[in-house]
Every structure is written in C-alpha cells, then in structure tokens.
Amino acid sequence: MMENPRKTRPGVIALARAAASHFPTALCGALLLLASPGCSGPVKTPAPSASTTGRLTLPENQRAKIQVEPAAVVAYRRTLETTGTVAFDADQATAVLAPVSGPVSRLLVSVGATVRRGDTLATVSSPDFASAVSAYRKAVATARNSRRVADLDAKLFQSEALSRREMEQAETDALSAESDRDSSMLALRALGLDEKVVEQVGQGQAHAVEGVIRSPIAGTVVEKLITPGQLLQAGTTPCFTVADLSIVWVMANVFETDLPFVAIGDSADVRTSVAPEAFPGRVDYVAAIVDPTTRSVAVRISAKNPKQLLKRDQYVRASIQSRRESRGILAPVSAILRNDENLPFLFVANADGTFDRRAVTIGSQVGDRVEIVSGLRPGERIVTQGGLFMQFAQSQ
C-alpha cells in the first residue's frame, strides 16, 4: 500500500523540535514548514528577519514607516547636566552676634520676618551698655567745660592776662576731652544705639536705654538662636541669621573631563522637584582644586530665587550651557536605544534596504539631540523613528 503523502513523518517533527533550541528562528520555521502537512503555500506578509551579525531585514510595507536621516558634523554648544545643593549667598547672608553682654529682655522678630538694615531684632539688659551711656554723658560734659575754659584762656591771652603756655595747655585739654567724647559716641553707635537716642543722651536728657541687637543687612530672618532671659556674651553669642533670599548659591560638581566646557559667566538653569519652572542662574566661580575621591570640581552657580522656593541644603539639578563651541555628530534622542545591559545603540540604514544595529558612545545632551562620541560616521543614515519596533522585531 502506498504511504499517504499528507501524513506527517515523526522523524521530521523530532528533527524540527530539536533544531528549535539550537538554530535561529527563521531556520526553525523552515524545518517546521517541511514537517507540517498542507503548509507549502506562499506567506502573504513576511516577518522581519535578522542575521546572526545584527543585520535586520524588513518587508517593504514596514520599511516605508521607518524614518531615517543622514548623520552630519555640526557646530553646537554643550549642555552639562549635574546635581548640587542650595546654600545662602554668603555675600548677602550673615550671622548676627550679640554686641553687648547680658540677658535678653525682649525678642522683637520671629523666623521668616522681613527686616531692613538697622531694624531692631532684640533688646538686652546690659550693664556694659549702661556703663557706655554713662561714660558718654561724662565725656560730653567734660568736653563742654574744657572748651569753655580754652575759649576763656584765649581771650585772657589776647589781653595779656595769661601766658601763652597756659593758653596752649587749655586748648590741648579741650581737644583731648572732645576726642574722648567722640570716642564714647562711636562706642555707643557700635553697640547699636539709635542716632536720635545718642543725640538725646549727649544733650543730657534722661532716657531709659537698653542694649539692642540690630540687623546689619536687609533680608529675611531665617534663624533665631536665642530665647528671652538667655545670657549673651558680647562678640561671641550668635543670635540670628539674616539672609537675602532673592539670590542663592547652588554648589554643584563637574567632572574634570568636562572642565574645558565650563567657565565663569556661563548661563545655567536650576530645577527642583517642588517647582515646574527652571530658575535662571550664572556660573560665578570654578574651584581650583579637584576632589581626589570623586575626581570632580566644585562649581558655584548664582541663581535667582524670586518666590523663595529654593531652600538651603536642598538637592537640585543644574544644566550649564557652555559658551565654548564644539563640533561633532548629533543624533535625535529618539534614535538612541538601550540593550539588556543598558548600553546605548542605534540602527543604521544600508543602501540595500537592510539595517545594522550599531553600538555607540554618547556624550552630553544638546536640546532634543545627543552627542555621538564614537560608533557613527558622517553620511551614514540613522533611524530616527521606528527603532523600538526594530529592536522588538530583532529580539523575536
């Protein structure tokens, strides 16, 4: 009896199944076609095929949906992406120390208060301050009397009723007393006494005065470090921190390989997760020392902070736009794909309609494009749209 030609041969099926674990998908498919009955007809939509060398072939209807563009060397300016922390502008922030010793009597401001230069922050019951006021009053009286005596001696000398020596000694005493008066007045001003009160004390008016702690700059009270009744030590005890928060510093780090592309005056954008908008800034300092541990260099960015959303010690991202011009190949971000090891690659279109998978080395991002450091030559056509489909097709 003649064997039925449509009956499947077990040996061929076993061979096809064994080949499935050792050969490419296309070859296994061919063996299964031979092993399956009634499957010798033509395939209407051929599937993409990939060779063992990474070359991919797509049907014509799928190739029409792939977008490519030629790679070209262009001039561009790098954008360096880095991270940093926010700090107060040290030129516009200061720790306010106690100018006099004694216990705190009153606190006049709280954290978050906006103050002007010279505003009173707290008062202190200070024996030293009372002594300085008393010394000034005595110096004023002594200077007034000494000047009156000197003027009288000058008139007596003119009428030859007094010797020149006595007249000159009286003038010397008056000048010395006036110098002591001025010194006592400056001491009161240094202690923070208001100019109007100093004038009233000099005129002999009775005035109850206390030691005052004043803000040396205009800004915001960001720290209050004292409490009522606390004993202060002149020139030692920190009382407040006042800072102008309209401008802050961002302390970022740049790797030494990127140093040629960072310079003072480069513009920068600072971004944080708490605000959708970017804060404009400018590089105003590049350190002269490389950190031996991280091989990075500290870069300071002065950033505007109009809404005070940037806080001290906050982590932020910074984009530094280099003014130095570079030349190289830029590829669209959409063309860059990642393999299982997170290494970048892209697809290159060949003249015969096939595509090669090409590993590349990428650099910094410039807008919506990425710098191709190596792996691509000028004139080669790169796939800009459809790369994800090709990656999926190649993995099947």
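**Close-up views of a predicted model**

**Figure 1. Helix 7 has a buried side and an exposed face.** In helix 7, which spans residues 387-395, the buried residues are G387, M390, Q391, A393 and Q394. These five residues lie on the same side of helix 7 because the arc they cover around the axis is only 165°. The face turned away from that buried side carries L388, F392 and S395, which are exposed. An α-helix has 3.6 residues a turn, so residues three or four places apart point the same way. The model shown here and in the other views is predicted.

**Figure 2. The whole protein, for orientation.** The secondary structure consists of 7 helices and 23 strands. The protein has 396 residues, of which 36% count as buried. Among contacts with a separation of 6 or more, 70% are between residues 24 or more positions apart. The average pLDDT is 82, and 84% of the residues score at least 70. The pLDDT is below 50 over residues 1-47, a stretch with 20 contacts in the model beyond near neighbours in sequence. Residues 49-53 also have a pLDDT below 50, and this stretch has 7 contacts beyond near neighbours in sequence.

**Figure 3. Helix 5 and the helices it packs against.** Helix 5 covers residues 164-190, 27 residues in total. From its first C-alpha to its last, helix 5 reaches 39 Å, close to the 39 Å expected at 1.5 Å a residue. Its buried residues are M167, A170, A174, A177, E178, S184, M185 and L188. These residues pack against helix 4 (127-158) and helix 6 (195-202).

**Figure 4. The largest nonpolar core.** This core has 28 residues, and I213, I226, L232 and F240 have the most contacts inside it. At least two residues each come from strand 8 (120-124), helix 4, helix 5, helix 6 and strand 12 (238-243). Helix 4 supplies the largest share, 5 residues. Not counting residues up to four places away in sequence, L232 touches A98, V100, S101, G102, V104, V124, I213, I226, T237 and C239. Another core, of 19 residues, lies apart from the largest one and includes F261, V270, V299 and I320. In soluble globular proteins, nonpolar side chains tend to be buried together.

Figure 5. T241 is found in strand 12. With a relative accessible area of 10%, T241 is buried, because the cut-off for a buried residue is under 20%. The side chain of T241 makes a polar contact of 2.7 Å with the side chain of E223. Leaving aside neighbours within four places in sequence, T241 is in contact with T94, A95, T220, V221, V222 and E223.

**Figure 6. Two loop residues with positive phi.** Most residues other than glycine have a negative phi. E160 has a positive phi, near 60°, and is found in the loop between helix 4 and helix 5. Its relative accessibility is 74%, so E160 counts as exposed. R295 also has a positive phi, near 55°. R295 lies in the loop between strand 15 (275-290) and strand 16 (296-304). At 39% relative accessibility, R295 counts as partly exposed.

Definitions and conventions. Residues are numbered from 1 along each chain as its sequence is written. This is a predicted model: local features need pLDDT of at least 70, side-chain atom pairs count only at pLDDT 80 or more; totals for chains, interfaces and linings use all residues. Side-chain values use heavy atoms; hydrogens and water are left out. pLDDT is the predictor's confidence in each residue, from 0 to 100. Contact means heavy atoms within 4.5 Å. Helices (H or I, at least four residues) and strands (E, at least two) are DSSP runs, numbered from the N terminus. The expected span of a helix is 1.5 Å times one less than its number of residues. Buried means under 20% relative accessible area, exposed over 50%, partly exposed in between (1.4 Å probe, protein chains only). A nonpolar core is a set of buried Ala, Val, Leu, Ile, Met, Phe, Trp, Tyr and Cys residues joined through side-chain atoms within 4.5 Å. The arc is that of the directions from the helix axis to the C-beta atoms. A polar contact is a pair of N or O atoms within 3.5 Å; within protein, one must be able to donate a hydrogen and the other to accept it, and residues adjacent in sequence count only if both atoms are side-chain atoms.
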